[in-house]
Amino acid sequence: MSPTPATMHIGEFAERTGMSLRTIRHYDEVGLVTASLRTDGGFRLYSEADFERMILIRRMKPLGFTLEEMAELLAIIDEGRAAEDSPGTDPRLTEFIREATERREKLRTQLAMADEFVALLERQAR
């Protein structure tokens, strides 16, 4: 099987997602994002759906979600899609939203402290 316009090899996938080949392979090994297809030669082929899934994972990383938490959230989303129901009705998704919001606020506070620290250092350098 050769790649179709709707699929991409791992190199292009890595470039588009901004993630390393090693990270992508690791996520494949642990089952977070598995290539939708394989070529006859065994090369991974990723779809746009795989890309969207990887971007979701990439957005969770800075918030400190574990691989297990990432897998849980992806399962919730997959279950919602399979049921042709909005995953928004799942209380577990509501909990993820609450947790992500708390983690974002913590990062915002840390960033403000870092900005203050840089400003203090800059004043010392004058």
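Which are the buried residues of α3? The buried residues of α3 are D50, F51, M54, I55, I57 and M60, where buried means under 20% relative accessible area, exposed means over 50%, and partly exposed is in between, with a 1.4 Å probe and protein chains only.

Some ground rules. This is a predicted model, in which local features need pLDDT of at least 70 and side-chain atom pairs count only at pLDDT 80 or more, while totals for chains, interfaces and linings use all residues. Residues are numbered from 1 along each chain as its sequence is written, and side-chain values use heavy atoms, with hydrogens and water left out.

On confidence, pLDDT is the predictor's confidence in each residue, from 0 to 100. The protein chain has a mean pLDDT of 90, and 92% of its residues reach 70 or more. Confidence is highest in helix α5, residues 91–125, at 96, and lowest in β2, at a mean of 88.

The expected span of a helix is 1.5 Å times one less than its number of residues. At the start of α3, a side-chain oxygen of S47 comes to within 3.3 Å of the backbone nitrogen of A49. The cover over the buried residues of α3 includes β1 (7–9), α1 (10–17), α2, β3 (44–47), α4 (67–82) and α5.

S36 sits in the loop between α2 (21–29) and β2 (37–38). Its relative accessible area is 41%, so S36 is partly exposed. Beyond its neighbours within four places in sequence, S36 is in contact (heavy atoms within 4.5 Å) with L45, S47 and D50.

Now the core. A nonpolar core is a set of buried Ala, Val, Leu, Ile, Met, Phe, Trp, Tyr and Cys residues joined through side-chain atoms within 4.5 Å. The largest one has 24 residues, and those with the most contacts inside it are F13, I24, Y46, M54 and I57. The elements giving two or more residues to this core are α1, α2, α3, α4 and α5.

M54 is in contact with F13, T17, M19, I24, Y27 and V33, leaving aside neighbours within four places in sequence. One of those, Y27, is in helix α2. Is Y27 buried or exposed? Its relative accessible area is 5%, so Y27 is buried. Not counting residues up to four places away in sequence, Y27 touches M19, L32, V33, M54, I57, K61 and L67. Y27 and L67 are 40 residues apart along the chain, with their C-alpha atoms separated by 8.7 Å.

Next, the aromatics. How many aromatic pairs does a search of the whole structure find? It finds two. Rings of Phe, Tyr and Trp (its six-membered ring) pair if their centres lie within 6.5 Å; planes under 30 degrees apart count as stacked, over 60 as edge-to-face and the rest as tilted. F13 and Y46 are stacked, at 4.0 Å centre to centre with 10° between the planes. This pair links distant parts of the chain, with F13 in helix α1 and Y46 in strand β3, 33 residues apart. Both F13 and Y46 are buried.

F65 and F96 form a tilted pair, 5.9 Å centre to centre and 40° between the planes. F65 lies in the loop between α3 and α4 and F96 in helix α5, so this pair ties together parts 31 residues apart in sequence. F65 and F96 are both buried.

That leaves α5. Its 35 residues should span 51 Å at 1.5 Å a residue, and the end C-alpha atoms are 51 Å apart, which agrees. The buried residues of α5 are L93, F96 and R103, and what covers them includes α3 and α4.

Methods: Helix = DSSP H or I, 4+ residues; strand = E, 2+ residues; numbered from the N terminus. Polar contact = N/O pair within 3.5 Å; in protein donor to acceptor, adjacent residues only side chain to side chain.
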